[in-house]
Amino acid sequence: MYYEADLDKIDLNSEPPSEEPARQYYFMAKCKEWVREFERKNGRPPTAFTQTFGCQMNARDSEKLAGILKNIGYTEADSEKADFVIFNTCTVRDNANQRVYGRLGELNGYKRKNPEMKVALCGCMMQEPAVIEKLRKSYSFVDLVFGTHNIFKFAELLCTVYEKEQKGMIIDIWQDTDKIVENLPVERKYPFKSGVNIMFGCNNFCSYCIVPYVRGRERSREPGEIIREIERLVQDGVVEIMLLGQNVNSYGKNLDEPMTFAQLLREVEKIEGLRRIRFMTSHPKDLSEELIQVMKESKKICRHLHLPLQSGSTDVLTRMNRRYTKEQYVELALKIRKEIPDIAITTDIIVGFPGETEADLEDTLDVVRKVKYDNAFTFIYSKRTGTPAAAMENQVPEEQVKTGFDKLLKVVQDTAKEQAAKYQGQVMEALIEEVNENDNHMVTGRLSNNMLVHLPGDASMIGKLVNVSLDQCHGFYYIGHAADVQLL
Ligand code: SAH
Ligand code: SF4
Ligand code: F3S
């Protein structure tokens, strides 16, 4: 059952319930009292601003925070000069952390001018003990710090901030959890598309990656909960969903009644009114024949597969603990291209992993040329404390990394352009997502293969599926025109 509590009916003189999500609705009701008092005092509701760093997982978490804030009466602010500011942080590479520290410096200035302002930090970076130490020492103006495992108890934590029985920074970080709390409110960023978590955490421990340490062990949501959530989203106007997990291909292994990701996709496909299904991310080692067949047969699964390579060298892959070889990866990618010819394959690649030689990079370039990625995200290796790779000797000199990175970028851009040019002149279905910022007579749509097309149009087309003629290819996007408008 979808839990819809009417906050005003909750008896705040009773003890808070111990079961979830009822407990959190109790605390939302309590926060609401405080919000009313704020309104009486200030003649307006309090405002909140959330800044999200990192991946889709964090973006979805921020929508959960926004759902709670809206339920208790906050209005959304569009800048950091709000009554309540939250940074939902990422720590996958060091530059993500540096950005957060930079923004925190600015916030300190705002808070001096408005001492009533509250600041909260959450997300992956908060799961690192060294970060908490630094915050305690140098950023003591922060009011609330929580992590990735207890984000569901945001309302309860907010209450402790308001009541402020405890002086100073409130810190609540859990090391791990097997808990999944369902049916808390969510406020979506887009009315027509939504992320849907299907699993949390990661068990892969790629040797460079901090995610398993900050997101905990892998746990899958019950398929019934996932289907019900999508059905509700569809009733609410959503036409495209993205199933989210660090490694969706290992979905369902730890359920009481195990099921595969491909089986889940078959169930999601049946949902009436749902038009498009995307998913992120697929680990190559777990991508099954069954999944390829489901994708091939599906009318709704988008023609896009994100298949992170990380490196094309078997030697580097072994030390990365990726558990596939160069040859296995290429064979898999080419097989997918053969089975589903119009699919776009995108990837992530890291340059400068410890011990990477020029010959290793050549292997990576070779894979890029063979697979012909439609797009690739390239990253410079970043040393993450606590991961096995951080302790590896022979970190690659900066100069070599830079040269290698530029070389890779060029090859990646060339293949992406070559791929995009293949579709010029075709008519493809696009989901119109937004009006262009600089020209309000142009809109942007996303094709099934995840490419973008700009076409003449207006705000009334947002959320609609439109057949678009891809007139000109500009490398990473197209300019086109609507061939017809489909009625939903
Ligand atoms: N679960 C997803 C990725 C999560 S992180 C997956 O396995 O694909 C997103 C990307 O960040 C990774 O694919 C990797 O390319 C990159 N990344 C992770 N750790 C990194 C590090 N220490 N340095 C540089 N890039 C990193
Ligand atoms: Fe990190 Fe590897 Fe897990 Fe992806 S699969 S989140 S890269 S450990
Ligand atoms: Fe960053 Fe956490 Fe995502 S570290 S990439 S926000 S899982």
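Predicted model: local features only at pLDDT ≥ 70, side-chain atom pairs only at ≥ 80, totals over all residues.
Which residues line the largest cavity? Residues are numbered from 1 along each chain as its sequence is written, and side-chain values use heavy atoms, with hydrogens and water left out.

**View 1. The largest cavity.** Met242, Arg278, Phe279, Met280, His304 and Asn450 line this one. A cavity here is a set of points, on a 1 Å grid over the protein atoms alone, where a 1.4 Å probe fits but cannot get out; lining residues have an atom within 4 Å of a point. Its volume is about 50 Å³, taken as the space filled by probe spheres set on the points, with grid points joined across faces, edges and corners. Strand 11 (residues 276–280) gives the largest share of the lining, three residues; strands are DSSP runs of E, at least two residues, and helices are runs of H or I, at least four, numbered from the N terminus. By class, the lining splits into three nonpolar, two polar and one charged. Ala, Val, Leu, Ile, Met, Phe, Trp, Tyr, Cys and Pro count as nonpolar, Asp, Glu, Lys and Arg as charged, and the others, Gly among them, as polar.

**View 2. The second largest cavity.** The structure holds two cavities of 30 Å³ or more, and this one comes in at about 30 Å³. Around it sit Met57, Met199, Phe200, Gly201, Arg215 and Gln246.

**View 3. The second largest pocket.** A pocket is an open set of points with protein on both sides within 12 Å along at least five of seven lines. Count up the classes and you get 14 nonpolar, six polar and 14 charged.

**View 4. The nonpolar cores.** A core is a set of buried Ala, Val, Leu, Ile, Met, Phe, Trp, Tyr and Cys residues joined through side-chain atoms within 4.5 Å, buried meaning under 20% relative accessible area (1.4 Å probe, protein chains only). The largest has 68 residues, and Ile230, Ile241, Leu243 and Phe261 have the most contacts inside it. Apart from it lies another core of 32 residues, including Ile68, Tyr74, Ile86 and Phe154.

Technical notes: Chains lettered and ligands numbered in written order. Buried < 20%, exposed > 50% of the residue type's maximum accessible area, 1.4 Å probe, protein only.
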